[in-house]
Amino acid sequence: MSREILGIHHVTAIAGDPQRNLDFYTGVLGLRLVKLTVNYDDPQTYHFYYGDAHGTPGTILTFFPWPRAKKGRQGHGQVTVTAFSVPEPSLEFWARRLSEQGIEFEGPYGRFQEQVMAFSDPDGLRLELVAGPALSSEKRELAGPIPIEYAIQGFHSATLTEEGYERTASLLTETLGFRLVQQDGNRFRYAVRSGEPSTIVDVVCSPDSASGGMGSGVVHHIAWRTPDDPQQGEWHSEIARQGYNVSPIMDRKYFHSIYFREPGGVLFEIATDHPGFAVDELAVSLGTRLVLPDWLETRRSQIEARLPPLRIPKVDAARSA
Ligand code: ZN
């Protein structure tokens, strides 16, 4: 089999107020806004992409901020937690920072030999910081206001809450190339490759939980990384062959995607690493202006007039580790 899943590509969630979302992820958590665009299926609303300095796959959290969204309901059939990786000695820093910002958190507590802190974003989206080894310095570049030794390094993992886990587990292990690496009670940890951050998914089997409902503060879908278009094509054939109702390959401008629902109800996407976020902006100016795809550019003034006004964070491209 030549096709490969490399880990998490991105996670996409629903938010309420766009400015509050932007201020939280860039200001409090220190992620970089790497792309400011609109929802291609609904151009009167924004699509925000946050990530590391370059928007590397495995660091990208995206939002559809809908100011009038009703609140979502967390439950089974969803990605219920999105966890970020932070360097080992930084949880004390984060405890202080979240306290200063008036954000309640739980932990640090241990899980699978790692220390975890849990909290929610302003819309109630569940997040975690998981302490682990620092990435090598050439892989890290300062993206926001957090000192590099404490800054988020990308995803650690995502947690899927499922009513039953067997069919989801089969899809992960028999088709997508994950293997079971740890288990504790009803939590099953799967990983691809060597199990480093951003290659991990936890499946929590929670038959008594209510089913989730879409809305603000809830994850819309999770995307897995595949390196290139030929492998994407193979994934498309294989997922269809297994009887899943898979979308055609879609051009999302920064990556190419297919979508299908896994047996427990979570919307899965498989997205290519290429072409990436520098395809329509210089790397130094990612996320500093509203970028529209060609087919919407002719309607720019009309689209801008309808979008809520936004204060975009200033990026000092000269600051690097
Ligand atoms: Zn996506």
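Are histidine 10 and glutamate 269 buried or exposed? Both residues are buried (under 20% relative accessible area; exposed is over 50%, partly exposed in between, with a 1.4 Å probe and protein chains only). The model is predicted, so local features need pLDDT of at least 70 and side-chain atom pairs count only at pLDDT 80 or more, whereas totals for chains, interfaces and linings use all residues. Residues are numbered from 1 along each chain as its sequence is written, and side-chain values use heavy atoms, with hydrogens and water left out.

The zinc ion is coordinated by His10 (NE2), His221 (NE2) and Glu269 (OE), at 2.0 to 2.1 Å. Donors are N, O and S atoms within 2.8 Å of the metal (3.2 Å for Na, K and Ca); water is not among the atoms, so sites may look incomplete. The donor spacing in sequence is H-x210-H-x47-E. Histidine 10 lies in strand E1 (residues 8-15) and glutamate 269 in strand E16 (residues 267-272). These two residues are 259 apart, and the pair links distant parts of the chain. Helices (H or I, at least four residues) and strands (E, at least two) are DSSP runs, numbered from the N terminus.

Eight strands form an open sheet of mixed pairing. Their order is E6-E7-E8-E5-E9-E12-E11-E10. Two strands pair if DSSP finds at least two bridges between them. Strand E6 (105-111) and strand E10 (179-184) stand at the edges. Each has a single partner strand, so one side of each is left without a neighbour in the sheet. From one strand to the next, the twist averages 25°. E10 and strand E11 (residues 187-191) run antiparallel and are joined by five bridges. Arginine 187, in E11, is the bridge partner of aspartate 184.

Helix H2 (residues 91-100) packs on the sheet. H2 touches E5, E6, strand E7 (114-120) and strand E8 (126-132), contact being heavy atoms within 4.5 Å. The direction of H2 makes about 15° with that of E7. Axes are lines fitted to C-alpha atoms, for helices over the stretch in contact, and angles run from 0 to 180 degrees between N-to-C directions.

Helix H3 (residues 166-175) has the buried residues Thr168, Ala169, Leu171, Leu172 and Thr175. These pack against E9, E11, strand E12 (200-205), helix H4 (229-241), strand E15 (256-261) and E16.

A search of the whole structure finds 20 aromatic pairs. Rings of Phe, Tyr and Trp (its six-membered ring) pair if their centres lie within 6.5 Å; planes under 30 degrees apart count as stacked, over 60 as edge-to-face and the rest as tilted. Tyrosine 40 and tryptophan 295 are edge-to-face, because their planes stand at 75°, with ring centres 5.2 Å apart. Tyrosine 40 lies in the loop between strand E2 (32-39) and strand E3 (42-51), and tryptophan 295 in helix H5 (residues 294-297). The pair therefore ties together parts that are 255 residues apart in sequence. Tyrosine 40 is buried at 15% relative accessibility, whereas tryptophan 295 is exposed at 51%.

Phenylalanine 84 and phenylalanine 155 are stacked, at 5.8 Å centre to centre and 15° between the planes. Phenylalanine 84 is in strand E5 (residues 78-87) and phenylalanine 155 in strand E9 (residues 155-162), 71 residues apart. Phenylalanine 84 is buried at 0% relative accessible area, and phenylalanine 155 is buried at 2%. Ring pairs also link Phe24, Tyr25, Tyr46, Phe48, Tyr50 and Phe63 into a cluster.
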